[in-house]
Amino acid sequence: MIQSMTGFGKASKQLSTKKITVEVKSLNSKGLDLNVRMPSVYREMELGLRNVISQKLERGKVDFSIYIEVTGEETSSKINVPIVRGYINQMKAVIPNADETELMKMAVRMPDALKTERDEIDENEWNEILKVVNDAMKNIASFRLDEGKSLENEFVTRIENIRNYMNQAVSMDAERIETVKNRLRTALEELEANVDENRFEQELIFYLEKYDITEERVRLENHLNYFIETIAGTEANGRKLGFITQEIGREINTMGSKSNHSEMQKLVVMMKDELEKIKEQVLNVL
């Protein structure tokens, strides 16, 4: 079953003093375009985390975020007491009778009033984070599979539409050939020329061979079947589907150039329309 590159996964877990939340969003991209946001204290773990994400998601424009919400009394930010006192004293020198509470409110907003102490990574806490990451990865994988199922249904419908239009075009082939023969005979009659019937038949056969679409029909049928086989496979196959659509388009274009028949050309246009819709959605396939 195919997977979509579009997906969203989220997971969270409450620890004793912190709530961990992981979000993963992905859109279609030619390769893996990974953007990671995480608290600075865990930055040294980013490279390993990127490897995990790239192995699981493979392709797509991916935004990955880890949020840590402190829910207990623990905090890494502390008031820089000497700095705050210095600000208050300076403001008192400017406004001697200012309210102490108002001075405090102003002082804690000034630069360097708060200092952040860098924590060391807690291995147990990081292991818990990895569990949340794994849950988020499972959720986005499930999302991608669901989206892939929708894409697969649409692909099958549109491939069958192309097949039906192709069969309708082939069913007109005998009428098309007869129309071409009559057109040539009429042209010769209007010229009032004496024509050797055997020579005429030979030239007619040669002429009609250039308009024969049997090979295109066979190749197109094979490409359509190969497309269906590929979307039923187990490997990531978005690029392969893109290549197959190019081959399908080539055969449809050749049929159109050879058709020389208005109704058949209308069917070719309808096949092209279905193929363009397939191409648009193939860009979303992993």
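Mentor: By class, the lining of the second largest pocket has five nonpolar, six polar and four charged residues. Here Ala, Val, Leu, Ile, Met, Phe, Trp, Tyr, Cys and Pro count as nonpolar, Asp, Glu, Lys and Arg as charged, and the others, Gly among them, as polar. The model is predicted: local features need pLDDT of at least 70, side-chain atom pairs count only at pLDDT 80 or more, and totals for chains, interfaces and linings use all residues. Residues are numbered from 1 along each chain as its sequence is written, and side-chain values use heavy atoms, with hydrogens and water left out.

The lining comprises 15 residues. Nearest the pocket centre lie Arg 59, Gly 238, Gly 242, Val 282 and Leu 283. Helix H8 (238-259) and helix H9 (262-282) each supply at least two lining residues. H8 gives the largest share, six residues. Helices (H or I, at least four residues) and strands (E, at least two) are DSSP runs, numbered from the N terminus.

Now Glu 58. Glu 58 sits in the loop between helix H1 (46-57) and strand E4 (60-70). Its phi is near 65°, a positive value in a residue other than glycine. Most residues other than glycine have a negative phi. Glu 58 counts as partly exposed because its relative accessibility is 42%.

Last, Arg 158. Arg 158 belongs to helix H4 (residues 123-171). Arg 158 counts as buried because its relative accessibility is 18%. Buried means under 20% relative accessible area, exposed over 50%, partly exposed in between (1.4 Å probe, protein chains only).

Technical notes
On a 1 Å grid over the protein atoms alone, a cavity is a set of points where a 1.4 Å probe fits but cannot get out, and a pocket is an open set with protein on both sides within 12 Å along at least five of seven lines; lining residues have an atom within 4 Å of a point.
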